[in-house]
Amino acid sequence: MVDGDYENRMFSSNEDVWEVIDLIIEETKELNEMKNESFDIAASIQSQLPFFACQNILLDKEIQQDIERYVYCENFKTPAYPGCYDEQPALWVAKSYIIKKSLNRIQNKAIEDGK
């Protein structure tokens with residue numbers, strides 16, 4: 001809602017979709033701060049996305065490769081890059097925590113849906 005009214009938007013490009021995703025991120029962060037909540041930003045996007053776009057908009061070849069690498073490393077208990085934890089690229093470490101959190105959320109939701 002904008003100023004108490006629902007806003008109508010015309011989407012003509014992927015950038016238009018990403019603008020709304022950015023608004024959802026901002027709104028979730030503000031709500032978490034104002035109400036001392038801890039709503040998950042990815043879950044907020046995932047739950048609202050079907051109302052204005054196809055989820056395929058979020059598919060990215062690089063991200064898919066990161067997920068594949070993460071799953072491979074988990075399954076075969078091997079580091080993503082040569083060396084120990086201290087030698088892993090900081091960006092990869094950050095990505096791996098995001099992927100792990102997302103996969104755990106999906107697994108927990110599947111368990112809840114199965115009850």
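**Figure 1. Lys77 sits in the loop between α3 and α4.** In this predicted model, Lys77 has a positive phi of about 50°. Lys77 is not a glycine. Most residues other than glycine have a negative phi. With a relative accessible area of 68%, Lys77 is exposed.

**Figure 2. Asn36 lies in the loop between α1 and α2.** Helix α2 covers residues 41-48. The phi of Asn36 is near 50°. That value is positive, and Asn36 is a residue other than glycine. Asn36 has a relative accessible area of 72%. The cut-off for exposed is over 50%, so Asn36 counts as exposed.

**Figure 3. Helices α3 and α4 cross at roughly 80°.** Helix α3 spans residues 61-76, and helix α4 spans residues 90-114. Their axes come within 10 Å. Angles of 65 to 115 degrees count as roughly perpendicular, so α3 and α4 are roughly perpendicular to each other. From α3, the contact takes in Glu62, Asp66, Ile67, Arg69 and Tyr70. From α4, Trp92, Lys95, Ser96, Ile99, Lys100 and Leu103 take part. By class, this contact of α3 with α4 has five nonpolar residues, one polar residue and five charged residues.

Figure 4. Leaving aside neighbours within four places in sequence, Ile99 is in contact with Asp66, Ile67 and Tyr70. Ile99 and Tyr70 are 29 residues apart along the chain. Their C-alpha atoms are separated by 7.6 Å.

**Figure 5. The largest nonpolar core has nine residues.** Its members are Val17, Val20, Ile21, Ile24, Ile45, Leu49, Phe52, Ala53 and Ile57. Helix α1, residues 14-35, supplies the largest share of this core, with four residues. A second, separate core has five residues, among them Tyr70, Ala80, Trp92 and Ile99. In soluble globular proteins, nonpolar side chains tend to be buried together.

**Figure 6. Ile24 belongs to the largest nonpolar core.** Which residues does Ile24 contact, leaving aside its neighbours within four places in sequence? They are Ser44, Ile45, Gln48 and Phe52. Ile45 and Phe52 are also members of the largest nonpolar core.

**Figure 7. Cys84 is in no disulfide.** The structure holds zero disulfides. The nearest cysteine sulfur to that of Cys84 belongs to Cys73, 15 Å away. A disulfide needs sulfur atoms within 2.5 Å. Is Cys84 buried, exposed or partly exposed? At 45% relative accessibility, Cys84 counts as partly exposed.

**Figure 8. Gln64 lies in helix α3.** Gln64 has a relative accessibility of 32%. That places Gln64 among the partly exposed residues. Gln64 and Asp22 are 42 residues apart along the chain. A distance of 21 Å separates their C-alpha atoms.

Note on methods. Residues numbered from 1 in each chain as written. Predicted model: local features only at pLDDT ≥ 70, side-chain atom pairs only at ≥ 80, totals over all residues. Heavy atoms only, no water. Axes fitted to C-alpha atoms, helices over the stretch in contact; angles between N-to-C directions. Helix = DSSP H or I, 4+ residues; strand = E, 2+ residues; numbered from the N terminus. Parallel < 35°, antiparallel > 145°, perpendicular 65-115°, else oblique. Contact = heavy atoms within 4.5 Å. Nonpolar A, V, L, I, M, F, W, Y, C, P; charged D, E, K, R; others polar. Core = buried A, V, L, I, M, F, W, Y, C linked by side-chain atoms within 4.5 Å. Buried < 20%, exposed > 50% of the residue type's maximum accessible area, 1.4 Å probe, protein only.
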